[in-house]
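Trainee: I'd like to learn how to read a protein model feature by feature. Could you walk me through one?

Mentor: Gladly. Let's bring it up and start with the overall picture.

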Amino acid sequence: MKKEKFKTEYIFNKCSKNSLWSCLSSSSGLAEWFADEVSDNANIFTFVWDKYPTQAELISVNPYASIRFRWTEEDSETFFEFRINQDEITGACVLEITDFAEPNDKTHAINLWDTQVKELRRKLGV
């Protein structure tokens with residue numbers, strides 16, 4: 001079954017763009033909220049959950065704005081991306097996550113992102 005693209009947004013009040021970017025773009029930052037362990041070798045990141053490693057290729061980066069990865073075992077058309085926007089009225093950072101899931105797994109995937117972002121908020125103290 002073909003995966004469908006979806007986006008979710010999370011508002012980060014009282015959070016600096018630099019702090020958020022650090023958590024999204026470095027292996028040490030990602031290891032604090034996204035996976036149990038994260039390491040990188042050039043543009044290949046290894047994410048470990050429950051001692052099971054999965055690799056993703058860093059396919060694009062726009063510093064302090066967006067970073068996109070592609071799971072190496074997935075279809076080349078799918079990816080997951082973190083994009084930071086700033087709300088013009090409130091000044092809050094808005095984290096937009098783009099990902100792909102099979103239609104019947106979309107709710108589960110969004111719930112998983114909700115859980116991970118809750119951990120990111122805790123790490124950032126917001």
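Trainee: What radius of gyration would a compact globule of 126 residues have, and what does the protein chain have?

Mentor: Keep in mind that this is a predicted model. A compact globule with 126 residues would have a radius of gyration near 14 Å, and the protein chain has 14 Å, so the two agree. Along the principal axes, the C-alpha atoms fill a box of roughly 40 × 30 × 25 Å. Of the 126 residues, 40% count as buried.

Trainee: How many helices and strands are there, and in which order do the elements run?

Mentor: The protein chain has three helices and seven strands. Read from the N terminus, the order is β-α-α-β-β-β-β-β-β-α. Among contacts between residues at least 6 apart, 48% join residues at least 24 apart.

Trainee: Which way do S5 and S6 pair, parallel or antiparallel?

Mentor: S5 and S6 pair in the antiparallel sense, over four bridges.

Trainee: What is found in the hairpin of S6 and S7?

Mentor: Six residues lie between those two strands, and Gly 91 takes a positive phi near 80° in this hairpin.

Trainee: Let's turn to the rings. What describes a pair of aromatic rings?

Mentor: Two quantities do: the distance of the centres and the angle of the planes. Here the count comes to 21 aromatic pairs. One of them is Phe 47 with Phe 69, an edge-to-face pair at 6.0 Å centre to centre with 85° between the planes. Phe 47 belongs to strand S3 (residues 44-49) and Phe 69 to strand S5 (residues 66-71), so this pair links distant parts of the chain, 22 residues apart.

Trainee: Are Phe 47 and Phe 69 buried or exposed?

Mentor: Phe 47 counts as buried because its relative accessibility is 0%. Phe 69 is buried too, at 0% relative accessibility. Phe 47 also forms an edge-to-face pair with Phe 80, at 6.4 Å centre to centre and 65° between the planes. Since Phe 47 lies in strand S3 and Phe 80 in strand S6 (residues 80-86), that pair ties together parts 33 residues apart in sequence. Phe 80 is buried, as is Phe 47.

Trainee: Which residues form the aromatic cluster?

Mentor: Trp 33, Phe 34, Phe 45, Phe 47, Trp 49, Phe 69, Trp 71, Phe 80, Phe 82 and Trp 113 form one aromatic cluster.

Trainee: Now the cysteines. How many disulfides does a search of the whole structure find?

Mentor: The search finds zero. For Cys 15, the nearest cysteine sulfur is that of Cys 93, 5.2 Å away.

Trainee: Where is Glu 96 found, and what does Glu 96 touch?

Mentor: Glu 96 is in strand S7 (residues 93-101), and it is buried, with a relative accessible area of 12%. Leaving out residues up to four places away in sequence, Glu 96 touches Lys 7, Thr 8, Glu 9, Glu 81, Phe 82, Arg 83 and Asn 85.

Trainee: Which residues is Ile 97 in contact with?

Mentor: Ile 97 also has its place in strand S7, and it is buried at a relative accessible area of 0%. Setting aside neighbours within four places in sequence, its contacts include Phe 6, Tyr 10, Phe 82, Trp 113 and Val 117. By contrast, the C-alpha atoms of Ile 97 and Gln 55, 42 residues apart along the chain, are separated by 19 Å.

Key:
Residues are numbered from 1 along each chain as its sequence is written. This is a predicted model: local features need pLDDT of at least 70, side-chain atom pairs count only at pLDDT 80 or more; totals for chains, interfaces and linings use all residues. Side-chain values use heavy atoms; hydrogens and water are left out. Rings of Phe, Tyr and Trp (its six-membered ring) pair if their centres lie within 6.5 Å; planes under 30 degrees apart count as stacked, over 60 as edge-to-face and the rest as tilted. Buried means under 20% relative accessible area, exposed over 50%, partly exposed in between (1.4 Å probe, protein chains only). A disulfide is a pair of cysteine sulfur atoms within 2.5 Å. Contact means heavy atoms within 4.5 Å. Two strands pair if DSSP finds at least two bridges between them. The radius of gyration is taken over C-alpha atoms; the globule rule is 2.2 Å times the number of residues to the power 0.38.
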